[in-house]
Structures are given as C-alpha cells and as structure tokens.
Amino acid sequence: VQLQASGGGLVQAGDSLRLSCAASSRIFSSAVMAWFRQDPGKEREFVAAIRWGRASTYYADSVKGRFTISRDTADNTVYLQMNRLKPEDTATYYCARGTSPANEPGLYYTWGQGTQLTVSS
C-alpha cells in the first residue's frame with residue numbers, strides 16, 4: 001500500500017483546511033490510519049488516529065476539539081479536518097498506516113510523502 005497525502009497550503013489563523021490521504025489499495029479493517037506532523041529540527045508529533053474497522057478516533061491534546069479524523073472505506077481515504085487553525089499548527093503533515101493507535105512514529109510501517117501546512121498569524 002502506498003499513501004498519497006494532499007491538501008496542505010497557506011492559510012490564516014482561524015481558517016479551516018482538510019487534508020486527504022489516499023491509499024493505493026484496500027485498507028483492511030484491522031489497520032489504524034494516523035496523521036503526524038513535523039517541523040524541521042523537531043521530532044515527528046502524533047496528531048490523530050482512527051481504527052479503520054471501528055472508526056474509533058484518538059487525538060493529541062493539542063488538537064482535540066479542533067481537528068477531526070475520518071475515513072472513507074469505499075475510497076480508502078483518510079481525512080483530517082482542521083478548524084480554528086493556529087500558527088503553531090504549521091508543519092509538514094504525514095499520514096501513516098499501522099496496527100495500533102499509538103503516538104510513536106516507529107510503530108507505523110507505511111508513510112505518505114507529507115503535505116505542508118503553513119498558518120500565518
């Protein structure tokens with residue numbers, strides 16, 4: 001499975017944006033899909049995850065209440081709806097596939113190429 005992330009861009013603080021991550025083939029119900037983000041020189045940070053089968057969701061405290069992760073099982077696509085964006089949300093966002101909704105990047109075995117989000121103040 002290959003993952004293709006898209007939807008990043010330049011927005012202003014308070015704006016909304018939706019990221020997409022399309023998988024090249026079927027995602028099985030046992031999988032977990034997640035979004036991480038990374039600033040240059042910083043560690044990759046967990047943002048949100050969703051269990052593909054049950055659609056259970058998990059969020060980092062920093063985005064809880066503002067971001068929503070969802071999935072479309074027919075299109076094998078996972079989304080990240082980001083509302084009330086802040087300058088500190090600026091980062092490259094990566095989607096990933098794993099088997100557990102962990103916040104450790106090392107536990108995910110497939111990664112997309114990243115999409116850049118810049119939030120201006």
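This is a predicted model: local features need pLDDT of at least 70, side-chain atom pairs count only at pLDDT 80 or more; totals for chains, interfaces and linings use all residues.
Residues are numbered from 1 along each chain as its sequence is written, and side-chain values use heavy atoms, with hydrogens and water left out. Local features need pLDDT of at least 70 and side-chain atom pairs pLDDT 80 or more, whereas totals for chains, interfaces and linings use all residues.

Me: Why is Arg37 called buried?
Reply: Arg37 has a relative accessible area of 6%, and buried means under 20%, exposed over 50% and partly exposed in between, with a 1.4 Å probe and protein chains only, so Arg37 counts as buried.

Me: What makes the pair of Tyr108 and Trp111 edge-to-face?
Reply: Their ring centres are 6.3 Å apart and their planes stand at 65 degrees. Rings of Phe, Tyr and Trp (its six-membered ring) pair if their centres lie within 6.5 Å, and planes under 30 degrees apart count as stacked, over 60 as edge-to-face and the rest as tilted, so this pair is edge-to-face.

Me: Why is Tyr108 called buried, and why is Trp111 called partly exposed?
Reply: Tyr108 counts as buried because its relative accessibility is 4%, whereas Trp111, with a relative accessible area of 26%, is partly exposed.

Me: Which residues form one aromatic cluster?
Reply: Phe36, Phe46, Tyr94, Tyr108 and Trp111 form the cluster, and a search of the whole structure finds five aromatic pairs.
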